[in-house]
Amino acid sequence: LRKDREIAARASYSNPDMELLRKQQRELATALGSTVEATQKAQEKFGLLGYKAPTNAALTKSTAVGARAMGVNAADNAELMETMISQFGIKADSVGDAMREGKRLNDIAAVATKKSNMTHEDVREYFKFSAAAAHSVNVSPEQSIAMGMALRRGGIPGSEAGVFERQFYAR
């Protein structure tokens, strides 16, 4: 309950907004096994990005589904999604946009973890260091992660690969 109050205060959510998010916490715990705490942390991340409660709920749901697919918790996956959304300049102005973009970004991360030897942490660290630079030269998240996967296959882990990509785009 205390965490819910923090979310409401930080994101300026009303009581009906918080009821929607509390309902989602219970639903994700039942349907996906996501802990209430992990869901709250995801909701807090998206609230701090300025998303309204319904959009936040859509992003949180796709984040929890993606987390389950990648074998991590929703809070860890929310860190990755926050990085991708903010540094690639992705906008989710409606619930439909949030669902579509959330699914797309989670699919990108899931493919990287399932089809290469990148771990979830590698993907998160890679994007933390490279996403803004990639966005500044109009490289899509899909193109960017392809480079990260190739670098990881060559033995360069996520953070080092991200720094390399950032330097590559800077030149």
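Let's start at Thr113, which sits in helix H6. Helices here are DSSP runs of H or I with at least four residues, strands are E runs of at least two, and both are numbered from the N terminus. Is Thr113 buried or exposed? Thr113 counts as buried, because its relative accessibility is 16%. Buried means under 20% relative accessible area, exposed means over 50%, and partly exposed is in between, with a 1.4 Å probe and protein chains only. Which residues does Thr113 meet, leaving aside neighbours within four places in sequence? Met70, Met118, Thr119, His120 and Val123 are in contact with Thr113. Contact means heavy atoms within 4.5 Å.

A word on the model. It is predicted, so local features need pLDDT of at least 70 and side-chain atom pairs count only at pLDDT 80 or more, while totals for chains, interfaces and linings use all residues. Residues are numbered from 1 along each chain as its sequence is written, and side-chain values use heavy atoms, with hydrogens and water left out.

Now the whole chain. It has nine helices and zero strands. The order from the N terminus is α-α-α-α-α-α-α-α-α. The radius of gyration is 16 Å, which agrees with the value near 16 Å for a compact globule of 171 residues. That radius is taken over C-alpha atoms, and the globule rule is 2.2 Å times the number of residues to the power 0.38. Along its principal axes, the C-alpha trace spans about 50 × 30 × 25 Å. Of the 171 residues, 47% count as buried. Take contacts between residues at least 6 apart in sequence: 67% of them join residues at least 24 apart.

On to the core. A nonpolar core is a set of buried Ala, Val, Leu, Ile, Met, Phe, Trp, Tyr and Cys residues joined through side-chain atoms within 4.5 Å. In soluble globular proteins, nonpolar side chains tend to be buried together. The largest core here has 34 residues. Which members touch the most others? Met84, Val123, Phe127 and Ile145 do. Helices H3 (36-48), H4 (53-70), H5 (74-87), H6 (95-115), H7 (120-136), H8 (141-153) and H9 (158-170) each give two or more residues to this core. Look at Met84. Not counting residues up to four places away in sequence, Met84 touches Gly89, Ile90, Leu105, Ile108, Phe127 and Pro141. There is also a second, separate core of eight residues, including Ala8, Met18, Leu21 and Ala57.

Next, Thr55, in helix H4. Thr55 is buried, because its relative accessible area is 8%. Ala92, Ser94, Val95 and Ala98 are in contact with Thr55, leaving aside neighbours within four places in sequence. Thr55 and Ser94 are 39 residues apart along the chain, yet their C-alpha atoms are separated by 6.3 Å.

Move to helix H8 and Met147. At 19% relative accessibility, Met147 counts as buried. What is in contact with Met147, again leaving aside neighbours within four places in sequence? Tyr126, Phe164, Glu165, Phe168 and Tyr169. The C-alpha atoms of Met147 and Gly162, 15 residues apart along the chain, are separated by 9.4 Å.

Last stop: Gly155, in the loop between H8 and H9. With a relative accessible area of 47%, Gly155 is partly exposed. Gly155 lies 38 residues along the chain from Asn117, and their C-alpha atoms are separated by 9.4 Å.
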